[in-house]
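Please work through the exercises below with the model open beside you. Each one sets a task and then takes the solution step by step.

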Amino acid sequence: MFNDKDFDVILNATVFDRDGEKVGKVGQLYLDDQTGRPNWITVNTGLFGMSESFVPLDDTMSLNGDRIEVPYEKALIKDAPRIDADGHIDPAQEQELYNYYERDYGTTDRDLDRDAGVLSTDRRDELHTDRDGRGLRTDREHVTEGESLTASEERLNVGTEEHEAGRVRLRKYTTTEQQTVTVPVEKEVLTVEREAVTGDSARPGALRDHGDIEEEIVLREERPVVSKEVHDVERVNVGKETVTEQRQVTEEVAKEHIEIEGDTDRVRDDR
């Protein structure tokens, strides 16, 4: 059974149905006037969580950390009888809720003028100041004539900061390759022309008187000569520039809403 030690945990908890599906955040906590124990909670349901559905607190549900697990389907909770979460439940309304959830109303004598009390505002403020750590009230604030109620919202402040994204190094290295070039070269070759002698060309003496005759002729030729010279073929200029690109950031922000309940026909909304 829940007790007053669980108040702050319950008020900051989220309700999950029997299938583990999230129903909504706890809105208010109601106490039994006779025992002082938690008896009912309201769960924020509907569009943007602007409606509150009553769920009974009993031994059939469990509290695990910030999770309250109840033995009912989400649809059943959302369709619970519409009762104003104004701080009190009269016996007839409580009986209607017990019948809806098919729970035993109990045999304890209950005075017809005794209501199931809501956890006092002072007690709520003592136990917690926000639901999600962001300054949002979990209890329903009551405004009387001449007072005002302010709704707040969170807004994103987005900036930039500089981080090292990478480094670039330039390195020069040498490779070798084979090149073949055709070079024209000249060389001298010996040419011999033989010509027959005709007519009278007799000379006195004998052949042996002249002896052997040798004649040396020098032949020349060109040979390829290779040399190297260095030429600049490419120049790399290194610099940095800043470019701008668009990036999207996504973050969850909370916004408070103020709804009007009761006889809205007698309310003039100047919004």
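**Exercise 1. Find the salt-bridge partners of glutamate 153, and state which residues end up in one network.**

Step 1. Glutamate 153 forms a salt bridge (a side-chain nitrogen of Lys or Arg within 4 Å of a carboxyl oxygen of Asp or Glu) with arginine 155, and the closest N and O atoms of this pair are 3.0 Å apart. The model is a predicted one, in which local features need pLDDT of at least 70 and side-chain atom pairs count only at pLDDT 80 or more, while totals for chains, interfaces and linings use all residues. Residues are numbered from 1 along each chain as its sequence is written, and side-chain values use heavy atoms, with hydrogens and water left out.

Step 2. Lysine 255 also forms a salt bridge with glutamate 153, here with the closest N and O atoms 3.6 Å apart. Lysine 255 and glutamate 153 both lie in the segment after helix H4 (121–127), so the pair ties together parts that are 102 residues apart in sequence; helices (H or I, at least four residues) and strands (E, at least two) are DSSP runs, numbered from the N terminus.

Step 3. For accessibility, buried means under 20% relative accessible area, exposed over 50%, and partly exposed in between, with a 1.4 Å probe and protein chains only. Glutamate 153 is partly exposed at 37%, arginine 155 is exposed at 67%, and lysine 255 is exposed at 51%.

Step 4. Through shared partners, the salt bridges join Glu153, Arg155 and Lys255 into one network. The structure holds eight salt bridges, and another of them links arginine 247 to glutamate 245, with closest N and O atoms 2.9 Å apart; both of these residues are exposed.

**Exercise 2. Which residues of the largest nonpolar core touch the most other members, and which elements supply at least two residues each?**

Step 1. A nonpolar core is a set of buried Ala, Val, Leu, Ile, Met, Phe, Trp, Tyr and Cys residues joined through side-chain atoms within 4.5 Å. The largest has 28 residues, of which Ile41, Val55 and Ile68 touch the most other members.

Step 2. At least two core residues come from each of helix H1 (7–11), strand E2 (22–31), strand E3 (38–45), strand E4 (51–56) and helix H3 (91–100). The element that gives the most is E2, with five residues.

Step 3. Leaving aside neighbours within four places in sequence, isoleucine 68 is in contact (heavy atoms within 4.5 Å) with residues including Ile10, Phe16, Val26, Ile41, Met61 and Leu63.

**Exercise 3. Determine how E2 pairs with E1 and with E3.**

Step 1. Two strands pair if DSSP finds at least two bridges between them. Strand E1 (residues 14–16) and E2 run antiparallel and are joined by three bridges, with threonine 14 standing opposite lysine 25 in E2.

Step 2. E2 and E3 also pair in the antiparallel sense, over four bridges, and leucine 31 stands opposite proline 38 in E3.

Step 3. The hairpin of E1 and E2 has five residues between the strands, where glycine 20 takes a positive phi near 85°. The hairpin of E2 and E3 has six residues between them, and glycine 36 in the turn has a positive phi of about 75°.

Step 4. E2 is mostly covered, with eight of its 10 residues buried.
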